Amino acid sequence: MPERVARRTWPVHAVLVVGALVMVAPLVWEFLTSVKSFGESVRVPPTILPGTWDWSNYTKVFHSIPFGEQLLNTVLMTAGRTAGQLLLCSMAAYAFARLAFPGRDVIFMLFLSVLMVPSQLFLIPQYQIMQELGWLNSLQALIVPGVFSAFGTFLLRQFFLSLPKDLEEAAGLDGANPLRIYWHIMLPLARPGLVALGILTVLWSWNDLMWPLVVNNDPEQMTLSAGLATLKGEHFTDYPVLMAGSLLATLPVIVVFIVMQRRVLEGIAFTGSKG
Amino acid sequence: MSNRWWKVLAAATVVVSAAACGGGGSGSDGGPVTLTYAIWDKDQQPAMEKIAQEYTKAHPNVTVKVQLTANKEYWTKLQTAVTGGSAPDVFWMNGPRIGLYAAQGVLQPLDEQISAAGADTAAYPKSLVDLYTFEGKKYGLPKDYDTIGLWYNKTLFDAAGVKHPDATWTWDDLKAAAAKLTDPAKGQYGIAAPADSQANYYNTIFQAGGTVISDDGKKSGFGDPATIEGLKFWVDLIKAGSSPTVQQMSDTEPTQLFSSGKVAMYYGGSWEANGFAKNADLTGKVDVAPLPKGKKQAVVIHGLANVAYAKSKNPEEAADFAVFASGKQAQRIQAEAGAVISAYQGTQDTWVKAHPQFNLQAFIDQVPNSVPLPRSKNTSAWTKHAEDLLLKAWTGEKDVADAAKELAKAVDEELGKEK
C-alpha cells in the first residue's frame, strides 16, 4: 500500500476499531457474566473477569428450560416464516408490479396502510383467529401469522419495478404465461431482494418474543426467546444462567451471519435497514 | 432452481400439516381432566409443580399443568387470553388487579368450593381474605403473603460500632444510625431510600398515621399532613446524604447496592430472603429486623391468591384445585421451598426455618400491625401518577408537600372515573 494512502486511512481505521469494540463489548460482557457466580454477577463495582470460572451455568440452562425442543421450534418457526414470506410476498409483489387488474393501486394502498399500524394492535385479533382455528399452543400458530408481510411485499414490488421489462416481453412472445414468467424470469432476477427479505425475516422471527409467548403455553411449544424470558424470576433472577442461555440462543444466528456474511451485508446495504 | 423451490415449499407444507393439534380432552365426572395453572415466578415453579402432583395423587383423573410466564409478560398474556375466552383454568392473582378481574366476571366465586372442602378462611390473615372478597363473594383464597423488614449488613454495623437494629427502634434511631453508617470516602451510605411504594413510603405513611386511599375507596389521602410526613421521611434521608441519590439508585438497583455492601440498611420484602440466601457474597453478613416505629407500628402486607377462571371447561375441578393450592397441605409444600411466606396459619414456621441464618420471624411478628396494600378498582390508573409526581419530590425538583397535594388531586380524579 502506498504510504500516502496508509496515512489517509489510519484515522478511519481507528474510528472503525473503536466502533467494533463498542459493538462487541456487550457480547463479551454477556459471556463473562455467564461464567460468574450469582453473587459476583450483581456485585458493585463489578468485576471484569470472573473470580472462578463457573461453567455449570450452561448445564443449568438445560435443566431450566427444554432447550433442545425450543431450539427446534425456533428453527422451524424461522424457516417456515421465511419460506412463506419469500413465496407469498414475491407473488403479491409481482402482481402489484406487473399485472394490470382493476383496483390494483387502491388495493396496494390498503396493503401499505398495514405498515402504519403498530403490530401490538394485531395481538388480540390474531390470537382470536388462532383460537377459532383451534391452533393455540401449536407450531402452526407460530408460523402461519408470520408468513404474510406488507413490508416484504412493498420491498419486492419496488425491486420488480426496477427490473427492465424486455426479458418478460421476450418470454411473453415465446408464449410463457404470467406464472411461468414470475417463476423462471423474475424470481431469479430478484435474488438480491429475496436475500435481503430473507435475512430480515430470519432476524425478526428469531427474536420475536411477544407472539410466541402469548399464543403458546407449554414450555415444549415455546421458542427460545420466550423460554429465556421465563428465566427471569419476580424477585430473584439468576443472571449468569440467563446470560448463558441467551448466549446459547444467539450462537446459531452468529454462525449464520459468519457463513453468509457477504450476503447479509449486501442485504443490509440494499434495504438500508437491519431490521 | 425450480426444483429446489418446490422442495422448500413441500417441506413447509409437511411441517405445517404434521404439527400436532394441541388441546387435551375435556371430560366431566371421573373422566380425565387437564387443568392449566398459570404462575409468574421461576423461583416458585418447583413448589407449584409439587403441589400439582399432590393434587393428582388425591384426584387421579386430574392432571395439572403448571405454566410459567415471567411477571413482566404474564399480564399481557393473561389479558389476551381472557379476551379470547381461553385463559388458564387456575392462575395467580394480585391485590391491585383483583378488582378489575372480579368486576368483569372473569373469575369464579369460590365460596361453594371453600365450604365443600371445609376450608377455614379464619386460617388466613383477615386483611388478605378481604383483599380478594368482592361484593361479598370470595374470588380468591390467599396463597402467600409478604411484609417488609429492615434488612441490614451486620459487618458494616460492627465496623461503624453501631448497635444492630431491633424491635425497639424508632425513626430517630434509624436516622441516627444511617448518618453514622455513611462514609463518603468509601462510597458507603447508611440506607437506600428509593421512591418505592410497597417497600418504602407506604410503610412510613401508615407509621405516621396517614392514609393512601380512604376506606370507602373514594378519596386519596396523599394531601393529609401525616401522609406527607411519611413521604418526607425518605426525602430527608437523601437530603441528609445518608442515602444515594435517585440518580445513583437508578444506575444501580438498591438491592445490588445493598448486596455489595455499599448501603448498610435496606427496606425489603420477605421475598428478598431467597435471593440473599443464594448470594454467596452475603453469607454471614446480613440479617433482618422489624421496621422502626413512627408514631405507631405499621407495615404493608400484600399477598397473592389462587383464582379460578369463570369460563374454564372444567369449572368445578378448577375451583377445587384453586382451593387446594391455598390449603394447608399445599401451603406447607410452598413454605418448605422458602421463596414466599405461606398464607395458611401454622405453615409460617416452615418458611422461617427454610433460611435459619436470617431472623425471618421479624416478618411474621409484624403481621398484627399490618395494613393491606392500598388498591382500588383500577389501581394502576393512579399509581402511575404517584410514580411520576413523587419522583419529582425525591429528586428535589418539587417540594414534598406540593407534590403530594398535586398527587392527591390527580388520584381523586382517577378514583372519580371508577364505577
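## Basis

Residues are numbered from 1 along each chain as its sequence is written, and chains are lettered from A, with ligands numbered from 1, in the order in which they are written. In this predicted model, local features need pLDDT of at least 70, side-chain atom pairs count only at pLDDT 80 or more, and totals for chains, interfaces and linings use all residues, while side-chain values use heavy atoms, without hydrogens or water.

## Confidence

pLDDT is the predictor's confidence in each residue, from 0 to 100. Chain B averages 92, and 93% of its residues score at least 70. Residues 10–28 of chain B stay under 50. For that stretch the model has 17 contacts (heavy atoms within 4.5 Å) beyond four places in sequence. Where pLDDT is low, the predicted coordinates should not be read in detail.

## Salt bridges

A salt bridge puts a side-chain nitrogen of Lys or Arg within 4 Å of a carboxyl oxygen of Asp or Glu. The whole structure holds 17 of them over all chains. One joins D111(B) to K138(B), with the closest N and O atoms 4.0 Å apart. This pair links distant parts of the chain: D111(B) lies in helix α5 (residues 111–116) of chain B and K138(B) in strand β5 (residues 137–138) of chain B, 27 residues apart. Helices (H or I, at least four residues) and strands (E, at least two) are DSSP runs, numbered from the N terminus.

E414(B) and K417(B) form another, at 3.6 Å between the closest N and O atoms. Both sit in helix α19 (residues 400–417) of chain B; because they are 3 residues apart, about one helical turn separates them. D166(B) and K163(B) also meet in a salt bridge, at 3.8 Å, N to O.

## Exposure of the partners

Buried means under 20% relative accessible area, exposed over 50%, and partly exposed in between (1.4 Å probe, protein chains only). D111(B) is partly exposed at 27%, and K138(B) is partly exposed at 22%. E414(B) is buried at 16%, whereas K417(B) is exposed at 58%. D166(B) is partly exposed at 26%, whereas K163(B) is exposed at 62%.

## D43(B)

D43(B) lies in the loop between β1 (33–39) and α2 (45–58) of chain B. D43(B) is buried, at 18% relative accessible area. Its side chain makes a polar contact of 2.9 Å with that of K278(B). A polar contact is a pair of N or O atoms within 3.5 Å; within protein, one must be able to donate a hydrogen and the other to accept it, and residues adjacent in sequence count only if both atoms are side-chain atoms.

Leaving aside neighbours within four places in sequence, D43(B) is in contact with F236(A), N274(B), K278(B) and A339(B).
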